Amino acid sequence: MGAPWWQQGVIYQIYPRSFADGDGDGIGDFPGMIDRLDYLQDLGIDALWLSPHYPSPQVDCGYDVADYVGVAPEYGTLADFERLLAEAHRRKIKVVVDLVVNHSSDRHPWFLESRSSRSSPKRGWYVWHPGRNGGPPTNWMSTFGGPAWTRDDATGEWYYHFFFKEQPDLNWHNPEVRAAMYDSVRYWLDLGVDGFRLDAIGTVFEDPDLPDHTSPITQAELLRMRMEAGPGRPYDDEQVREAFFAMFGHQVDRPEVHEVFRELRSVIDEYDARLLLGETSNLDYYGSGNDELHLVFNFPLMATAPLTPERILANQRERLAGIPPGGWPCNTLGNHDASRVFSCFGTGEHAPAQAKQSLALMLTLRGTPVLYNGEEIGMTDYLLDDPALFRDNLGVWMYETAVGDLGMPHTDAVRKAAQLSRDKCRTPMQWGPGTNAGFSPPDVATWLPVNPNHSSGINVAEQDDDPASLLNFYRRMLRLRRRLRPLIAGDYRPLEAGASCLAFERRLGRDAMVVAFNMSAQTHRVDLGTGNLTTEFSTHRPSGARVDSTAMTLHPWEIHIATKA
Ligand code: TEU
């Protein structure tokens with residue numbers, strides 16, 4: 001039996017609210033997605049990952065779930081979702097949904113019942129505590145701002161939330177919670193869903209001894225560090241990471257979660273070929289390699305902007321060495337929480353070439369590639385300049401904290417909050433150059449503003465027939481990967497190519513490919529020492545060209561994918 005689909009295919013994340021508005025209300029929906037399935041099939045992806053499609057009060061843009069077995073009415077009906085599933089499957093496209101396991105919405109019936117009284121049968125479904133010395137049990141903070149404990153005046157106790165207070169943490173020590181969540185999982189699997197992306201799984205448990213954090217800085221100061229981090233800035237990413245764990249270390253990555261993963265895996269293994277993809281980079285969550293998660297994200301690669309040969313080689317050395325036998329890598333450079341690939345990995349005039357290299361890297365490294373909707377046309381971050389337009393409440397907290405606690409001028413606070421929060425990468429998909437970019441009818445107010453650059457060529461319609469467009473580059477590369485099996489299933493061996501070039505071999509049995517990138521604006525001659533090659537794809541030379549890998553010229557920003565003779 002061949003490798004499972006999720007070890008072969010390319011996954012494409014859809015942010016439902018922003019992909020395609022089928023009923024003209026300014027919000028994406030299932031009918032809109034169905035209308036775009038031919039586009040996705042033509043693009044050449046193999047699976048969709050939908051960000052939450054459940055009923056939600058939208059405090060956290062859908063990641064506050066009010067019903068785990070329902071669909072958001074603004075996206076359509078359950079019948080619409082089932083039609084999406086059937087139409088995707090008819091096109092041999094798998095559908096993975098998001099499972100928000102750590103918390104529900106505070107408007108979920110479970111929480112309403114739990115908070116109704118201390119003696120509620122569902123009191124133990126959430127993390128309640130009587131408090132300490134009249135205050136919260138610990139000094140823990142929420143990663144979305146403010147304390148992590150909120151007092152419920154009606155019952156005089158405190159409930160825990162790692163995220164917004166509208167996202168109370170479920171108590172996964174409680175077998176009733178596990179059973180209820182596993183029932184939800186079976187509900188979607190029975191409908192035919194092909195798997196789950198498990199949200200924020202590193203935050204499911206907390207230190208049961210409830211020790212205070214001992215971070216020497218406040219949350220506002222941690223925000224300042226994040227706002228002032230980066231190459232040549234006052235803080236680097238490692239310092240921010242250390243400061244984060246000093247504050248949140250008791251609330252994340254607890255070992256108890258392995259038992260939940262083993263239970264979830266046993267549920268999913270009751271069905272054929274269904275996926276568990278964890279929102280984590282923690283390689284421990286592969287378990288033994290076949291008893292916990294199927295895939296975890298290579299987030300460290302996504303955090304290495306700008307991409308350089310040295311950083312990529314180091315990342316691959318570390319990541320591939322840490323995956324147990326039976327585990328499989330998973331690479332991504334963008335999602336609904338992060339700066340868009342074109343903005344994050346592109347530097348000025350070279351951004352188009354770097355965007356092509358980013359994709360080519362995702363499609364040629366060993367592991368399952370996960371793409372984010374809009375990257376295929378080069379969509380960029382759109383920094384809103386008016387906090388009143390923010391839909392991401394994390395951005396609102398960041399702006400208010402920057403102005404209130406950090407004394408930052410309004411203009412700086414807006415820009416930095418927009419840069420660090422998530423609206424920037426969630427603006428509507430740009431289908432055409434006209435008003436609202438073809439996402440919604442022109443006279444409709446979209447839920448987030450459309451990036452103005454949709455009328456400057458960054459749209460599907462104007463790239464569709466342009467052979468030189470990024471969209472057609474994505475189409476070519478996705479077809480190439482599907483045709484060349486070593487790129488899908490082969491092993492990985494790095495090759496020496498100097499400081500400015502990246503090269504590696506992908507071998508599957510007797511078939512071997514050599515992938516080379518010149519990640520600089522200068523021409524380089526490299527000796528890959530791996531015999532004669534036949535070009536399968538290059539940004540700078542015709543397919544079929546014969547190349548001596550011992551004396552190979554790589555042009556500026558060249559991508560060269562070849563078969564070994
Ligand atoms: O994100 C979890 C997570 O890692 C966030 O704390 C992340 O660091 C934050 O978005 C800043 O970039 C998941 C979802 O991807 C995110 O959209 C949700 O807001 C969050 O969980 C809560 O469900």
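**Figure 1. Where helix 3 and helix 5 meet.** In this view, Leu78, Phe81, Glu82 and Leu85 of helix 3 make contact with Tyr187, Trp188 and Leu191 of helix 5. Sorted by class, the residues of this contact comprise six that are nonpolar, none that is polar and one that is charged. The model shown here, as in every figure that follows, is a predicted one. Helix 3 covers residues 78-90 and helix 5 covers residues 175-191, and their axes come within 10 Å while crossing at roughly 55 degrees. The two helices, helix 3 and helix 5, are therefore described as oblique to each other.

**Figure 2. The packing of helix 12 against helix 16.** Helix 12, made of residues 351-364, packs with helix 16, made of residues 470-483, at an angle of about 20 degrees, and the axes of the two are 10 Å apart. Because angles under 35 degrees count as roughly parallel, helix 12 is placed in that class relative to helix 16. The crossing of helix 12 and helix 16 is a right-handed one. On the side of helix 12, the residues that take part are Ala355, Lys356, Leu359, Ala360 and Leu363, and they meet Leu470, Phe473, Tyr474, Met477, Leu478 and Arg481 of helix 16. Counted by class, this contact of helix 12 with helix 16 holds nine nonpolar residues, no polar residues and two charged residues.

Figure 3. Val260 is part of helix 8, which spans residues 257-268. Is this residue buried or exposed? Its relative accessible area is 4%, so Val260 is classed as buried. When residues up to four places away in sequence are set aside, Val260 touches Trp172, Arg178, Tyr182 and Phe205. For one of these, Arg178, the separation from Val260 is 82 residues in sequence, whereas the distance in space from C-alpha to C-alpha is 8.0 Å.

**Figure 4. Thr280 in a loop between two strands.** Thr280 sits in the loop that runs between strand 8, residues 275-278, and strand 9, residues 295-296. With a relative accessibility of 8%, Thr280 counts as buried. Apart from neighbours within four places in sequence, the residues in contact with Thr280 are Ile201, Tyr285, Val296, Phe297 and Phe299.

**Figure 5. Asp527 and the residues it touches.** Asp527 is located in the loop between strand 15, residues 524-526, and strand 16, residues 532-538. At 46% relative accessibility, Asp527 counts as partly exposed. Leaving out residues up to four places away in sequence, Asp527 touches Glu496, Ser549 and Thr550. A further residue, Arg319, is 208 residues from Asp527 in sequence and 26 Å from Asp527 in space, taken from C-alpha to C-alpha.

Figure 6. Ala200, which is not a glycine either, has a positive phi of about 50 degrees. Ala200 belongs to the loop between strand 7, residues 195-199, and helix 6, residues 219-227, and with a relative accessibility of 7% Ala200 counts as buried. Pro306 is placed in the loop between helix 9, residues 299-302, and helix 10, residues 309-322.

**Figure 7. Cysteines and the question of disulfides.** A disulfide is a covalent bond that joins the sulfur atoms of two cysteines. How many disulfides does the model contain? When a disulfide is taken as a pair of cysteine sulfur atoms within 2.5 Å, the count comes to zero. Cys425 is in no disulfide, and the nearest cysteine sulfur, which belongs to Cys61, is 10 Å away. Cys425 has a relative accessibility of 0% and so counts as buried. Cys501, at 2% relative accessibility, also counts as buried.

Note on methods:
Residues numbered from 1 in each chain as written. Predicted model: local features only at pLDDT ≥ 70, side-chain atom pairs only at ≥ 80, totals over all residues. Heavy atoms only, no water. Buried < 20%, exposed > 50% of the residue type's maximum accessible area, 1.4 Å probe, protein only. Axes fitted to C-alpha atoms, helices over the stretch in contact; angles between N-to-C directions. Helix = DSSP H or I, 4+ residues; strand = E, 2+ residues; numbered from the N terminus. Parallel < 35°, antiparallel > 145°, perpendicular 65-115°, else oblique. Left-handed = near helix turned anticlockwise from the far one by under 90°. Contact = heavy atoms within 4.5 Å. Nonpolar A, V, L, I, M, F, W, Y, C, P; charged D, E, K, R; others polar.
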